[in-house]
2 protein chains.
Amino acid sequence: MVVGNRSAPLRIRMHEHDNVAIVANDGGLPAGTVFPDGLALVDTVPQGHKVALVDLPASAPVRRYNVVIGRTTRNLPAGSWVHERVLEMPEARSLDGLPVCTVAAPVMAPLPGYTFEGYRNADGSVGTRNILAITQTVQCVAGVVEFAVRRIKADLLPRYPNVDDVVALEHGYGCGVAIDAPDAVVPIRTLRNITLNPNFGNEVMVVSLGCEKLQPERLLPPGSLAVVDARRTIAADSRVAEAGNAGDRAGLDVVCLQDAGHVGFMSMIDTIVERARSHLERLDARRRETVPASALVVGVQCGGSDTFSGVTANPAVGFCADLLVRAGATVMFSEVTEVRDGIDQLTARAASPEIAEAMIREMAWYDTYLDRGRVDRSANTTPGNKQGGLSNIVEKAMGSIVKSGSAPIGGVLSPGERLRDRGIERGLVYAATPASDFICGTLQLAAGMNLHVFTTGRGTPYGLAEVPVIKVATRTELARRWHDLMDVNAGRIADGEATVEEVGWEMFRLMLEVASGRRKTWAEHWKLHNALVLFNPAPVT
Amino acid sequence: MVVGNRSAPLRIRMHEHDNVAIVANDGGLPAGTVFPDGLALVDTVPQGHKVALVDLPASAPVRRYNVVIGRTTRNLPAGSWVHERVLEMPEARSLDGLPVCTVAAPVMAPLPGYTFEGYRNADGSVGTRNILAITQTVQCVAGVVEFAVRRIKADLLPRYPNVDDVVALEHGYGCGVAIDAPDAVVPIRTLRNITLNPNFGNEVMVVSLGCEKLQPERLLPPGSLAVVDARRTIAADSRVAEAGNAGDRAGLDVVCLQDAGHVGFMSMIDTIVERARSHLERLDARRRETVPASALVVGVQCGGSDTFSGVTANPAVGFCADLLVRAGATVMFSEVTEVRDGIDQLTARAASPEIAEAMIREMAWYDTYLDRGRVDRSANTTPGNKQGGLSNIVEKAMGSIVKSGSAPIGGVLSPGERLRDRGIERGLVYAATPASDFICGTLQLAAGMNLHVFTTGRGTPYGLAEVPVIKVATRTELARRWHDLMDVNAGRIADGEATVEEVGWEMFRLMLEVASGRRKTWAEHWKLHNALVLFNPAPVT
């Protein structure tokens, strides 16, 4: 990668075979600018946008990341601005005849000895935070739960100093979702699996309305709670039992608002608050313990991307992903429409033909899903992406996939599935999700993420109440301007002040600090929380 | 309707041609119970469930509301419990050959002289509350807006005593929605039109991220804000202009988080708070004025239904709907899957063939939409409905449609459309929406509702931050138990203590009180707010 000081004209090429590079300088460069090697700009080129390194005749392939991101619509002499309007996007790659397991797994030496301070759970997972989460079967109860949570936070939480927060798992699911539609399995298992996220300490507390289709036992059938059930049987004579067996349905702690015992609104609030107490007591009794870094389950994502995403932040995340995999941790990458155009790279990196097959299945499902709504993967890119220099989804995808590093892909999850249910306990995993930031985050929570890394070029205040979100800026200008929202500045890579490897290591160490609770992310500091937004491909009646 | 005192065995038949009635007594009636007319119960029949009034041979049509709600699967002697497992549901009625405008419009004498105290808006609409609503182009900004709203409520709101509330219009829309998919028009116009709800005083304030696909000008194009624009031009030298033209885009007051001027998180908060001030000042200067009852725009809905819904609360709402129509007000009923089986009744009541055609178009769209997800309208009913005695969607639909009263149907809205954009300023309107309570409520808000009536049999704490919700219990037992959540007890109709007409008038008068701000609903008292949940039939990338 070409780097240099920030005053000289600076361009970045991702691969030696590329015939375009991007302009790195803040504010872009004016027409006439001459680079040290003699290349002169024919057009003014904004920061992050592409410049032709050689003469490109009409219909010439334009290569970036050593991939053809499109063909020129007209003759473009060297030094021209290569933007979306002069690029014709290629068709989506066919899902037939993809290379399978053709990339030899790179040699990745184990990285032992790294630890963090986490909360060990009965099911073997480890939390990075110690949160009481209140599950809701249906949006109908959200107002009541919100009222109760305010009360719990005001009256109870101060007495349990080891508990980090009380979070109402509000969502938009309701009886409207055609519960027996084949695709309804997606939002339902998402809700189920979020409840079981490691940051909630296996304390399952459900508020139900009573008449909803998604009854508590359907949301959380006994099998889904094996460990919780076991612990609960042991603790059968504890306060939970005392707090009222009315709510103890098949081992599940349920407060049902329509129960005949609830006379008046405050009786519902009192029940919820009272029932929360025993969960808080158990959570409060827990202490952080030293655990190996392998207990990390990191979801990586990008949002508000620009061309620097694929140059600075995402490569650094990719390097860090390799460190995590070497340390025995689990790393998930996602966002179907942002890998669709690089599916050949992914199937080539699959650890087994079955895994390649599963990836192809997810892509095919999504192609059909988008087609049903009469769009395709090109619906992904935003005006901000394009302003930031990303001409189309192919280019965006190449910059997005680098977040996955170089490890073999050892597992695939369908939307809303849980890593542990698929027996995945380490390594690089492809969790198929929409690219929407908060929908992807919601699904990664369901998968079992205990730490979230989010890169952004345009800037977003993204955060989740359920896990810490480490935000990484792709550009120094953004990192400076949003100094109290961005946790890491990967823009230093483009400035020539740090290498991809250095920023990757910095992230890795920061993750262990944040996971240990020794450092809070900016999103935690300001309590910036995006909503849980479910992926619901099923119809609503 | 048969009514009587509550200790004697009591059953309710909806129409003289019905061959079933429902048991009204609390707790139901045991087998062997003999009614005054000699009918003896063969089975124990729960409250709200149906009893055969005559011998029903196998395959006999079962009539309720003078409509065949199904055929018996076996021989059922008089006095038998007629429940979902002995009823075969009929096919959905074909959308071909429906009766059109065959019902003569009933004579409905005008009901003059009723007024309420409301907030007149520049666009001619009238608010029942005086709320500062902050529109969001994308879910990404929700955490920041929530932070800012807390600050505005703490620091500013106390200085503006005439302003009822500050509400962040949070929603799950984001760049994930394929914005150019044909169906994406639904969530987008919903967001646009909620912004223009009469309860927000035409004060439009938008928080944008910057890089989102749904740019402020796309969400709220100049034409959508004609009145607001006109007022803003007049007030060009007001504080809004002083507060910074950076945010004034084509007459739209936009705070863009990614604007270069925002250095640090608190600068975003400061801008939002500062920008809110001028809106609050204008809202605070408004006073309630006496306006005719015709300024009411009432959305009616039911949720958590039981058999009493169609016997007590919904008929009373229907009677009240007629009063409202006679007073010149607008009444919307909705919930496609709950009218689908009675579409012939609706087309027959259409005020014109075009309106019947529009209704059929909405049904057909929805049939296709559900079919795409491999379900049909029968996906609507819930376990609670069935426990409450509603055997299937046909029976549920009959009890739901009665909310519409007897007026001719004078208009039809597609999901997310706005009454005023369709030139509808009075009368009974069918607003096609999903039956999901909070999705229907969100769409009725977009249509321009300034008062909401919600009937419930099983009980739900439903509420909205944007408009008052009057909740009506179908049963006295629920009204007593949930005494501080239910605003009206229509159960008195089944108890023989009030007539449908009396409860209808009570609702009408209560509406004028609530609309005037003289009374708060229970949902307002407790600040119980369900989320805005968008209807998004488009795919998510």
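Chain A holds 16 helices and 22 strands (DSSP runs numbered from the N terminus, helices being H or I of at least four residues and strands E of at least two). The model is predicted, so local features need pLDDT of at least 70 and side-chain atom pairs count only at 80 or more, while totals for chains, interfaces and linings use all residues. Residues are numbered from 1 along each chain as its sequence is written, with chains lettered from A and ligands numbered from 1 in the order in which they are written.

The C-alpha atoms of chain A fill a box of roughly 80 × 45 × 45 Å along the principal axes.

Turning to chain B, an open antiparallel sheet has 3 strands in the order 9-8-15 (pairing requires at least two DSSP bridges). Strand 8 (residues 115-120) is joined to strand 15 by 4 bridges, and Phe116(B) stands opposite Val291(B).

Where the chains meet, 69 residues from chain B and 69 residues from chain A take part (contact means C-beta atoms, placed from the backbone, within 7 Å). On the chain B side, helix 1 (142-156) is one of the helices supplying at least two residues, and helix 1 gives the most, with 4 residues.

Note on methods. Contact = placed C-beta atoms within 7 Å.
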